[in-house]
Amino acid sequence: MTGTLWICVVALPVLLLAVELGARWWIRRRAEYYVLPPGLRLRLRPDPEVFPQLERATRFDVNRDGERGSEVPRGEGLFRILVAGGSQPEGYLLDQETAWPGALQRLLRAPACLERLGATDVHVGSIARSGVGAEALELIFRRVLPRYPRLQLIIILVGATDVLRWLEHGAPQILPPVRTSDVFRCHPEGPFGWKPGQWASVELLLRARRRWLQPLAVHEHAGRWVGHARAMRAHAKVIRTAPPDAAPLLGQFEPHFRRLLAIASGHADRVIVVRQPWFDASYSAAEAAHMWHGGVGQAWRADLTTYYSFDVVSRLMSLLDARAAATADALGIEQIDLMPVLERNLLHYYDCFHATPAGSRAAAAAVGTAIVSDRREPEATRPNASCVASRAS
C-alpha cells in the first residue's frame, strides 16, 4: 500500500469525525427550535370515504420561519399575526387557504381592513400542531418566540389535547411531562449517535435540502387511519360513563395556560384567546359514527377497547373551557368563543373537534371580526366589521 493510500485511509475517518463533531456543534450553537420544519411542502389527498365533507386535494406549505403560511413580506407597515395551538387551528387536512389561519389572512388583506389596522399588508403564520396542549404550547413559546421580532398579534387556541391526553393516560393524578421531540419537528437536542441515521451532518443536509430545494411530498388517502379509529370507538368493549375527578386535569392545565399567556403578552402588542370549540350535542347515529375521540390509549398507534362516553368528554371540555375563560379574564386577555359560531352538525365539524371547510370559514370570519373590532376602544367608536363580512361571504 502506497504512502498516499495510507494517508487517505487514516485521514478519511478523522475528516468524517471532524465534520460530524462540527455539525453537532453548529446545530447546538444555533439552538433553533421549529414546530414545523422550514421548507416542508405536502400535498394531501384526504381519504374520500373517511372524509366526504373535505376537499379532495389540499396544500400544506411551511415558510422559512417554520410557519404554515406564505413567506413573510419584508418592509414597513406589516401587521404580523402568529397563530399557535393544537390540531383545530392547524387544520392539517384542510387546504392552506381553507384552514382558518390562512382564510383569516385573505380576509384581513381587504383594503378596508388594512386601513383599519393601519397596515400596508397582513401576514398570518401558523405554528399550530396536532397534539399541542397548554404545557406543550408554553414550551413552544419559551423556545420559539425569542427569535421573533415583536408581533402585532398572537392568537392562541388550545384545550382539546389537554382533555384527550389526560383521558388517553387513564385520567391520572399526574401526566408525564411533554418531551421536546413531542413538540418540535426540528430542534437542536438530538439525540445524535454514531449510526448514519443518527448523524448531525445528515440532519444538516436534510434540513438544507428541505429549506432550499423544498421537495414535494404527496400523501394519498391522508387520514385513512381515522376510519379505523371510528370503528374502534363504535365497537368498544368498555364505555366509561362515570366522569373522573377533573381536579388533576384542571390543576395541570391552569398554571401552564397562565404562563403561556404571560409569555405571549411579552412578545406581542395584543393577544387573543380563541376558546376551543367542540361538537357538543346529543349525537344522532350518523353523527356518532364520525366520532373517535375519548379512548384510553392512542387510537393512531394501538387497537383500543376502552373509551369514555361522549357525555364525559363534553363535560370535561366544559370544565376546561370555563377554567380557560376565567384565567384569560383574570389576566385581561381578549377571548373569542367559537361555540355559538360553529353550528353543532356535520356541516361545520367532521368529528368532535375538527372543522370542515364551512366551519373554518365561519371561524375565520369570527376571528377577523374580533381583530378589526378592537375591544380596547370605547364601544361607541368601534367600526363595524364590514371589511371582514364582505370578504367572508
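**Rings and charges in a predicted model**

Biologist: What makes you say that the charged end of R24 sits over the ring of W194?

Modeller: In this predicted model, the charged end of R24 is 4.1 Å from the centre of the W194 ring, and a charge sits over a ring if NZ of Lys or CZ of Arg is within 6 Å of the ring centre and within 35 degrees of the ring normal. R143 is likewise placed over the ring of Y33, 5.4 Å from its centre. Residues are numbered from 1 along each chain as its sequence is written, and side-chain values use heavy atoms, with hydrogens and water left out. Local features need pLDDT of at least 70, side-chain atom pairs count only at pLDDT 80 or more, and totals for chains, interfaces and linings use all residues.

Biologist: Why is the pair of F51 and Y350 called edge-to-face?

Modeller: Rings of Phe, Tyr and Trp (its six-membered ring) pair if their centres lie within 6.5 Å, and planes under 30 degrees apart count as stacked, over 60 as edge-to-face and the rest as tilted. The centres of F51 and Y350 are 5.4 Å apart and their planes stand at 85 degrees, so the pair is edge-to-face. F51 and Y350 are both buried, that is, under 20% relative accessible area, where exposed means over 50% and partly exposed in between (1.4 Å probe, protein chains only).

Biologist: How do you know whether W225 is buried, partly exposed or exposed?

Modeller: W225 has 36% relative accessibility and therefore counts as partly exposed, and W300, at 43%, is partly exposed as well.
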